[in-house]
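Dear colleague,

I am handing over the structure below, and the notes that follow it set out what was found. Please read them with the coordinates open beside you.

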Number of protein chains: 6
Amino acid sequence: MTESESLFSVTVRDHMMVAHSFQGEVFGPAQRLHGATFVVDATFRRTELDADNIVVDIAKAGQELNAVVAELNLRNLDEVFPGVNTTTEFLARHIADKLAERAMAGDLGEGARELSGITVTLHESHVAWATYERTL
Amino acid sequence: MTESESLFSVTVRDHMMVAHSFQGEVFGPAQRLHGATFVVDATFRRTELDADNIVVDIAKAGQELNAVVAELNLRNLDEVFPGVNTTTEFLARHIADKLAERAMAGDLGEGARELSGITVTLHESHVAWATYERTL
Amino acid sequence: MTESESLFSVTVRDHMMVAHSFQGEVFGPAQRLHGATFVVDATFRRTELDADNIVVDIAKAGQELNAVVAELNLRNLDEVFPGVNTTTEFLARHIADKLAERAMAGDLGEGARELSGITVTLHESHVAWATYERTL
Amino acid sequence: MTESESLFSVTVRDHMMVAHSFQGEVFGPAQRLHGATFVVDATFRRTELDADNIVVDIAKAGQELNAVVAELNLRNLDEVFPGVNTTTEFLARHIADKLAERAMAGDLGEGARELSGITVTLHESHVAWATYERTL
Amino acid sequence: MTESESLFSVTVRDHMMVAHSFQGEVFGPAQRLHGATFVVDATFRRTELDADNIVVDIAKAGQELNAVVAELNLRNLDEVFPGVNTTTEFLARHIADKLAERAMAGDLGEGARELSGITVTLHESHVAWATYERTL
Amino acid sequence: MTESESLFSVTVRDHMMVAHSFQGEVFGPAQRLHGATFVVDATFRRTELDADNIVVDIAKAGQELNAVVAELNLRNLDEVFPGVNTTTEFLARHIADKLAERAMAGDLGEGARELSGITVTLHESHVAWATYERTL
């Protein structure tokens, strides 16, 4: 953050419970079919508040996150993304990109077109998580 | 807890990442192959402390919990427990019973034979968990 | 817990955001109109699992908790419960009793009639919470 | 963060319990008088440590945060900020700006004049929070 | 919990940061001088609420817990309790017993004489904690 | 974060339990020998994922963090760093720098040479933490 900058953000949390396996020696025993609960935090960033004093309609933000997560929830990701290592990092980017599409399409309200960025964090356990942040 | 009782306990935490599916209409979309991270809390109870002022050797407790969890970690539970609904409740009992066997066998140290009970909680997400408690 | 007992439980979490004020000198500045986010944990207890290996249908449990919490969410409790000190303790009992009614009425499924008890914890902040537990 | 940069920060946590209501259709049922517990995290940033190896006197930081939060705690924000939507975002900025004033006035110690920025996060529940960050 | 019982409780959280060492081979490297932050949860139990709908004055409960913790905070427990293994279990009992003395002396208010029990949990890390519960 | 930027990160958590004392009036009673549990979060940042879709081998990341933390765990830091105020901020930098050395030496795998930065957060309690972030 450079001189005299400021930034607002709002974060909503949801989760999904998925199966998957990884390809590549680096993954060791995680090459076997296993699973994870991903607690998903989606952050919406903006430099100024709108006329209602909000970054984004938090109810809409939660609904959109839930809709994106629902596409993956209770599934085997090896079938949803064939041939892809659906790592926590990959999934964070996937969800952030899907939210960015929805924001750009106006699904989070007109004001959401003013968002400057989105960050998604996936907690895979109490001791490990991954984050992807992008501009809009 | 009745009059004039007291009770000590020590809890250690570990986790496992597994795939599984459920059989039965009550499970809805969770009948599909999916997965979970289970954050596992194992509690060891005892009415009096030993001469070292401990309930149980906490390092040994952590090692034994890790050993029990490792048998399930990064696996498809549909293969480990064929034909069984490996619900959070079922897994909590399974882990508690395995820890009880190890305590009775002396794997947690001689003092652990004085344990009065074991409780295991499995957190399947930030909004849901299950517990099984038993006497020894 | 006496000799040779065992107990299962399942817990689901929801929350509500309410206004209220208290009457009585013991409450000091909390006699003023203020508010709270209550993170609500509802625990359902049972001595044996059902044929599906569950304590209760966790989806139904979450829906029923949400329905009970929705009656209070985003309200001024001074209007919902006139003349009552809606302390965290009081609200924990209120929610537990409402859940007990629903369980007895079969709203959590037939198996829920086998529940032995319900516990409700309301977290009013990161440093304070209250619990009410009752038998069924 | 650009090449070869580094940054220290220290965060302290406090909380407040307030009532408020919102104006505007976007808020839906939150237009009703309701309330919230805000768990408040205040972060103080600095590029170099001082001679004591600290960013700021953490005791003073906690006291100043408590003083700022105390002005709002156990109040109806509709009276403290008439006609204003006291959203989580708005309150994060309000608290950050108050802390910035105090830092500039020397209330956090002489060294705090070297702070480069302040970030304030308000957690309104276990599933939603807002952040405001600014330079000094 | 037997048939038709019910129980209320209120919990407050504080913390202390102490040094200590242990004597006995079971402690391994923890025989060296080291330290811990103990996050301390004190729970006050009661079968019925008082006329104000509370278990205990939560402000007084927090003050009394803080007073008990302050006697140990920022100290070397090897000096406070010479020759004693100040394990997490031991400290949980120590704090519970001190709180019980204060409750019996009326320091938590007259109503606190109706308390049926106290439970103290000390979290020594994000993966280990100990609890002591006693009747009053 | 400027226009059109994106960033991945992975974080792993460990902890250490240490004794220390501080020199300087600013520290007040923390000048006495005391201790802390530091829950340590190490974040590894990178602009692009590698061919396996990861930022870094998370197993190796956990092992390296554990190795760095083990050098300090269960020790009196007044002896490890004579004459130094081993504040939370100082320790965050120390651990980040040690991890940076290991990353540069290839201990986190070849891909870790592509890391753009490391952030280390030390939680000293549930209400205070410090962070150090640096580029690589």
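Please bear in mind throughout that this is a predicted model.

I begin with one residue of chain A, Ser125(A), which lies in strand S3, the strand that covers residues 117-125 of that chain. Ser125(A) has a relative accessible area of 10%, and because this value is under 20% the residue counts as buried. Its side chain reaches the backbone nitrogen of Val127(A) at 3.0 Å, and a polar atom of that side chain also lies 3.3 Å from the backbone nitrogen of Ala128(A). Leaving aside residues up to four places away in sequence, Ser125(A) touches His15(B) and Thr37(B).

The other part concerns chains E and F. Chain F is superposed on chain E by a rotation of 180 degrees with 0.0 Å of shift along its axis, at an RMSD of 0.0 Å, and the two copies are therefore related as by a two-fold rotation axis. The same surface serves both copies, since 100% of the contact residues of chain F recur in chain E.

In this interface, 23 residues of chain F are in contact with 23 residues of chain E, and the area buried between the two chains is about 1,900 Å², with carbon and sulfur atoms giving 62% of it. On the side of chain F that touches chain E, strands S1 (6-20), S2 (34-46) and S3 (117-125) of chain F each supply at least two residues, and S1(F) gives the most, with six residues. By class, that side of chain F has 10 nonpolar, eight polar and five charged residues.

With best wishes

Conventions: Residues numbered from 1 in each chain as written. Chains lettered and ligands numbered in written order. Predicted model: local features only at pLDDT ≥ 70, side-chain atom pairs only at ≥ 80, totals over all residues. Heavy atoms only, no water. Helix = DSSP H or I, 4+ residues; strand = E, 2+ residues; numbered from the N terminus. Buried < 20%, exposed > 50% of the residue type's maximum accessible area, 1.4 Å probe, protein only. Polar contact = N/O pair within 3.5 Å; in protein donor to acceptor, adjacent residues only side chain to side chain. Contact = heavy atoms within 4.5 Å. Least-squares fit on C-alpha atoms with pLDDT ≥ 70 in both. Buried area = accessible area lost by both parts, 1.4 Å probe. Nonpolar A, V, L, I, M, F, W, Y, C, P; charged D, E, K, R; others polar.
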